[in-house]
Amino acid sequence: MTMEINQEKKKEDLFEKYHIYIFFAILAISFYLRLRYFNINTAIWYDEGSYLNMAKRIGLNLDYLNDDYYFRRTFFLPLLFAFLYKIFGNTEFPLRILELLLSTATIIFVYLLIKEMFDKKYALISSFVLAVSWLHLFFTSRLLTNIPDLFFMTAGLYFFWKGYVNNKAKYNIYLAAMLFGL
C-alpha cells in the first residue's frame with residue numbers, strides 16, 4: 001500500500017516539476033500549426049472584404065461617409081486594421097500576423113484562466129484542446145472578428161477572475177472591463 005502511495009507521489013512531483021515545459025511544448029505545437037496554415041486562405045471572404053474595405057477607407061483616407069453599409073459592422077476591428085494600414089501601407093501581412101499572435105495569446109490566457117479557476121492539469125488539457133482545435137485554426141487564417149473576440153473575452157475573464165473572485169488588485173477589474181469593452 002505504501003509503495004503505491006509513493007509511486008503516486010512521484011508521479012505528482014514529476015508533473016509539478018515539468019508542467020511548465022509541457023505547456024511550452026503545447027504552445028510550440030500550436031504556433032507551428034498556426035504557421036503551417038498561416039497562408040492557406042488566399043481568397044478574401046465576403047465578411048473579410050467588408051472589414052478590410054472599411055479599414056482601407058479609414059486607413060488610406062478614402063471616402064466612406066457616403067455609404068451607410070460600413071457602419072453596420074463592428075467598428076473596433078476595422079479601426080485596428082486601419083491603424084496597421086497607416087503604418088505598413090496597403091498590405092494584409094501585418095493583419096494576418098496580428099491574427100496569428102492573438103490566436104496564440106488566446107491559448108496562453110486559456111491556460112492562465114483555467115489554472116486560476118481549477119488546476120494545472122485542467123489548464124494543460126484545455127490549452128491543448130484549443131491549440132489543436134480545427135475551428136480555432138480555421139478562423140486564425142481569416143481576418144474576421146472571431147479570434148480577436150475570443151482573445152479579449154478570455155483575457156477579460158482571466159483578469160475578472162483575478163480581480164473580483166480572488167480579490168487581488170483592483171486594477172485587474174478595470175483591465176477586465178477594458179478588455180470586455182474591446
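Phe38 counts as buried, with a relative accessibility of 14%; buried means under 20% relative accessible area, exposed over 50%, and partly exposed in between (1.4 Å probe, protein chains only). This is a predicted model, in which local features need pLDDT of at least 70 and side-chain atom pairs count only at pLDDT 80 or more, while totals for chains, interfaces and linings use all residues. Residues are numbered from 1 along each chain as its sequence is written, and side-chain values use heavy atoms, with hydrogens and water left out.

**Aromatic rings**

- There are 14 aromatic pairs, where rings of Phe, Tyr and Trp (its six-membered ring) pair if their centres lie within 6.5 Å, with planes under 30 degrees apart called stacked, over 60 edge-to-face and the rest tilted.
- Phe38 and Phe93 make an edge-to-face pair, at 5.9 Å centre to centre and 85° between the planes.
- Phe38 lies in the loop between α1 (2-36) and α2 (46-59) and Phe93 in helix α4 (residues 93-117), so this pair ties together parts that are 55 residues apart in sequence.
- One aromatic cluster is formed by Phe76, Phe109, Phe151, Phe152, Tyr158 and Phe159.

**Charges**

- A charge sits over a ring if NZ of Lys or CZ of Arg is within 6 Å of the ring centre and within 35 degrees of the ring normal.
- Arg142 has its charged end over the ring of Phe138, 4.0 Å from the centre, and Arg36 lies over the face of Tyr37, at 5.9 Å from the ring centre.
- Phe138 belongs to helix α6 and is partly exposed at 27% relative accessibility.
- Between the C-alpha atoms of Phe138 and Asn41 there are 9.2 Å, although the two are 97 residues apart along the chain.
- The model has 1 salt bridge, defined as a side-chain nitrogen of Lys or Arg within 4 Å of a carboxyl oxygen of Asp or Glu.
- Glu92 and Arg96 form a salt bridge, with their closest N and O atoms 3.2 Å apart.
- Glu92 is partly exposed at 24% relative accessibility, whereas Arg96 is buried at 8%.

- In helix α8 (residues 171-181), the buried residues are Asn172, Ala176 and Leu179.
- These residues cover an arc of only 65° around the axis, which puts them on the same side of α8; the arc is that of the directions from the helix axis to the C-beta atoms.
- Tyr171, Tyr174 and Gly181 are exposed on the other side of α8.
- The buried residues of α8 pack against α7 (146-165), contact meaning heavy atoms within 4.5 Å.
- Thr145, in the loop between α6 (134-140) and α7, is buried with a relative accessible area of 16%.
- Not counting residues up to four places away in sequence, Thr145 touches Tyr51, Thr74 and Leu77.

**Whole chain**

- The protein chain has 8 helices and 0 strands; helices (H or I, at least four residues) and strands (E, at least two) are DSSP runs, numbered from the N terminus.
- Of its 182 residues, 37% count as buried.
- Among contacts between residues at least 6 apart in sequence, 65% join residues at least 24 apart.
- The accessible surface of the protein chain is about 11200 Å², with 65% of it belonging to carbon and sulfur atoms; accessible areas come from the Shrake-Rupley method with a 1.4 Å probe, and for residues only the protein chains shown count as cover.
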